[in-house]
Amino acid sequence: MTVVLGVNYVAWRWLGSLNWDAWWIAVPLVAAETYSLIDVLLFGMTVWRLKSRGAPPAAPDDATVDVFITTYNEPLDLVMTTALAAKDIHRPHSTWILDDGDREELRRLAEEHGIGYVTRSADWADMPRHAKAGNLNNALMVTHGEFLLILDADQIPEPDILDKTLGYFNNPRVALVQTPQYFINVPKDDPLGSQAPLFYGPIQQGKDGWNAAFFCGSNALLRREALMQLGLVGYVRETERNIRQALAASRSAIRKARRSADADNPLVEHMLNEVEAVTNEAQEQLETGASLSEITYRVRRKVEQAVQTLVQADFSALQSDLEEIAALELAHVGESGLPVVAGDAVEVMSGREWSPLGALESVQAILDAISVERINEAQPVMPLATISVTEDMATAMRLHALGWQSVYHHEVLANGLAPEDLKTMLTQRLRWAQGTVQVMLRENPLVQRGLSWGQRLMYFATMWTYLGGFTAVVYFAAPIVYLAFGVLPVSSLSTDFFIRFIPFMLANQLLFWVAGRGIKTWRGQQYSLALFPTWIKACTTAARNVWFGRPLGFAVTPKARQSGGPGWSLIRPQIVVSALLVVALIVGVARLAAGLLEPVGTLVNVVWVAFDLVVMSVLFRAVRYKGFIPEERNADAV
Amino acid sequence: MQFSYEVKDSYAEVKGSGRLNMVAAPKLREVVAEVVAAGSSKVVVNLEETVFMDSSGLGALIGCLKAARQAGGDLRISGVQPQVRMVLELTNMDRVLTSYPTAEAAFSDD
């Protein structure tokens, strides 16, 4: 019903109602409305297949489980509280603290309590670290449980968390069981919108219905076999891509060498021919399907031999070249934490006028840098996806694309801590949004092979919601423009408008109400509009990161409350917009009194502005929020 | 899973019998690291008696390949059984590793 009414309304808006005289606001507004319609359609599709799973299947008795507690800089007592709770989980398991902060004291505490302790191995020195994904990938190499329970440092598990979740793995195709994230340090009115009852409820249950439940980074169980398979498939794909690049780079280095003065030297010419033949042969073998280890081995052996012969023939004159090449870093870590593959090394090399030996050496350097060892990464096999700062979503999508199944178990089995101040909360939201947009730009779900259309749309739906920052701006601007300047983006606010708009709005709210089944979704709705600067920033920074390799300005969400007074400067754009809304309201009423505006239009826009202001009001409370005070203490004080 | 190894003229042969799964994978890495450290960087992992392999086992093979290559040698596999072949194909790992019929054949052209 919402769909029909919505399409009816938006189609009419496009076809019959645009005020072309004010196209600069009319077109953005109708585009924003179209965006919102698609958003509603995707939401409707999600909850259409809402899956309530009921009691979980019985857990198998012989399953082996590793419980991973990931930490970077959280206070030690917080980590230990979680670790000790994890140790007390029923059913056999090993508990591990994955300490990316490499803290000696935490190691000691872990040992004292008989809890495993893992930090990055020596392989990670000078390599891209990939944040939490890297931390987990490192731990996967030194543990061997069949299933992994992943917990953030602040997520205290219930003792029966395994009893309630392991049974789903009786189905051998299930790779992921996600449970909700619930926060215990949040007051009833939830001023920071920390709880996500709509997401850890109808949305995840709906996605579950499409076999597209998301992995959310914590409070989830994963099947090791599925992750390792993901790592292997990724390894093969990356290796083949790198070899193709390497061969192209090698050809270009040979061309460069031919142009240099020494190319007339018969010995050099002979070498170049030989290396070129090897490179071409390798390309041919690659196309005919020879194995990558064989190809790289043969090429490297031959190039090595060629270089050695040449070095013996004429060593001293070329010494300086060699030093220069040795000083060149082949693959380095980008500031985003993602590796910059040797592409720019190739550029630097082909941009220089090197002698043939230099060129030969550079061919070998390229082949060394990009080989079956994947030497620009700490470990060849990276099970958790590293293409995004939110490794969880990308990993789940790849698992689904490989045909694995996922489960959302709708029962709180771990209690966590939410940010208690606006600044931390904004950092966290920004990171989630950035990560999601990164995945959308790097691996657009709509074109991923292996995913069903339902799954593609479920991933797309979440990414789509993060584009809402731009439309929020339009929704704030349109009533201001009308009230202050009398420009109406709609050709008329006649009955035509209302008979289409009002039923759609009502059906829309009804959909949320039915899907939400009484849970409080208003806070979430407020924040999805009010945090528009965060969403916009996420989109622009992620796009710059993916397309131009710029850093994201990645930050770990602090678990402890940040000190300092109210952070009004954090919401400066929203304060400006709110002020403009108020000014527009006053101007609008004045213009109405002066007879410059018609009453119906003014009324609609005044209501609209009032709605916007109510939405924004959440931030003014959030800024003043002093952190969580437990109910008991509150009662004592009264 | 039982591992044994034997240093031949031009290569070292590592034999594994049983199930090369997530429990045995770290052991394989250790054995190959030992062989390479002892000076044999050309290694054949003979899988004739390996009746089962999972993705962790394959991951360990990749780790061993890296170790051998970094020591200037290579790692090859031989005597692949049907289940192992299936896993190689499922993960596209047959794109990376050639399976030789016997350990002797693995380095015969080198």
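The model is predicted. Chain A comprises 23 helices and twelve strands, and 47% of its 638 residues are buried. On the side of chain A that touches chain B, helix 8 of chain A contributes the most, with eleven residues.

**Chain A overall**

- Of the contacts in chain A between residues at least 6 apart in sequence, 83% join residues at least 24 apart.
- An open sheet of three strands in chain A has the order 5-12-7, with mixed pairing.
- Strand 5 (156-157) and strand 7 (182-183) of chain A each have a single partner strand and stand at the edges, so one side of each is left without a neighbour in the sheet.
- Strand 7 of chain A pairs with strand 12 (residues 414-416) of chain A in the parallel sense, over two bridges.
- Within this pairing, Y182(A) is placed opposite N415(A) in strand 12 of chain A.

**Contact between chains A and B**

- The contact involves 23 residues of chain A and 22 residues of chain B.
- Helix 8 (224-259) and helix 10 (292-313) of chain A are the elements that give two or more residues to the side of chain A that touches chain B.
- That side of chain A consists, by class, of ten nonpolar, seven polar and six charged residues.

**Packing of helix 8 against helix 9 in chain A**

- Helix 8 of chain A also packs against helix 9 (residues 266-288) of chain A, at an angle of about 155° and with the axes 10 Å apart.
- The crossing of helix 8 of chain A past helix 9 of chain A is left-handed.
- From helix 8 of chain A, the residues I243(A), L247(A), S250(A), R251(A), I254(A), A257(A) and R258(A) take part in the contact.
- Their counterparts in helix 9 of chain A are L272(A), V275(A), E276(A), T279(A), A282(A), Q283(A) and L286(A).
- By class, this helix contact has eight nonpolar, three polar and three charged residues.

**Strand pairings in chain B**

- Strand 1 (residues 2-7) and strand 2 (residues 12-20) of chain B are antiparallel partners over six bridges, and a hairpin of four residues joins strand 1 to strand 2 of chain B.
- Strand 2 of chain B pairs in the parallel sense with strand 3 (residues 42-46) of chain B over four bridges, where K15(B) stands opposite N46(B) in strand 3 of chain B.
- Strand 2 of chain B also pairs in the parallel sense with strand 4 (residues 50-53) of chain B, over three bridges, and L20(B) stands opposite M53(B) in strand 4 of chain B.

- D190(A), a residue other than glycine, has a positive phi near 45°; D190(A) lies in the loop between strand 7 and helix 7 (199-209) of chain A.
- With 19 other C-beta atoms within 10 Å, D190(A) is partly exposed, given that a buried residue needs 20 or more.
- N92(B), likewise a residue other than glycine, has a positive phi near 65°; N92(B) lies in the loop between helix 3 (82-90) and strand 6 (99-100) of chain B.
- N92(B) has 16 C-beta neighbours inside 10 Å and counts as partly exposed.

Methods:
Residues numbered from 1 in each chain as written. Chains lettered and ligands numbered in written order. Predicted model: local features only at pLDDT ≥ 70, side-chain atom pairs only at ≥ 80, totals over all residues. Contact = placed C-beta atoms within 7 Å. Nonpolar A, V, L, I, M, F, W, Y, C, P; charged D, E, K, R; others polar. Pairing = 2+ DSSP bridges. Buried ≥ 20, exposed ≤ 12 C-beta atoms within 10 Å, placed from the backbone. Axes fitted to C-alpha atoms, helices over the stretch in contact; angles between N-to-C directions. Left-handed = near helix turned anticlockwise from the far one by under 90°.
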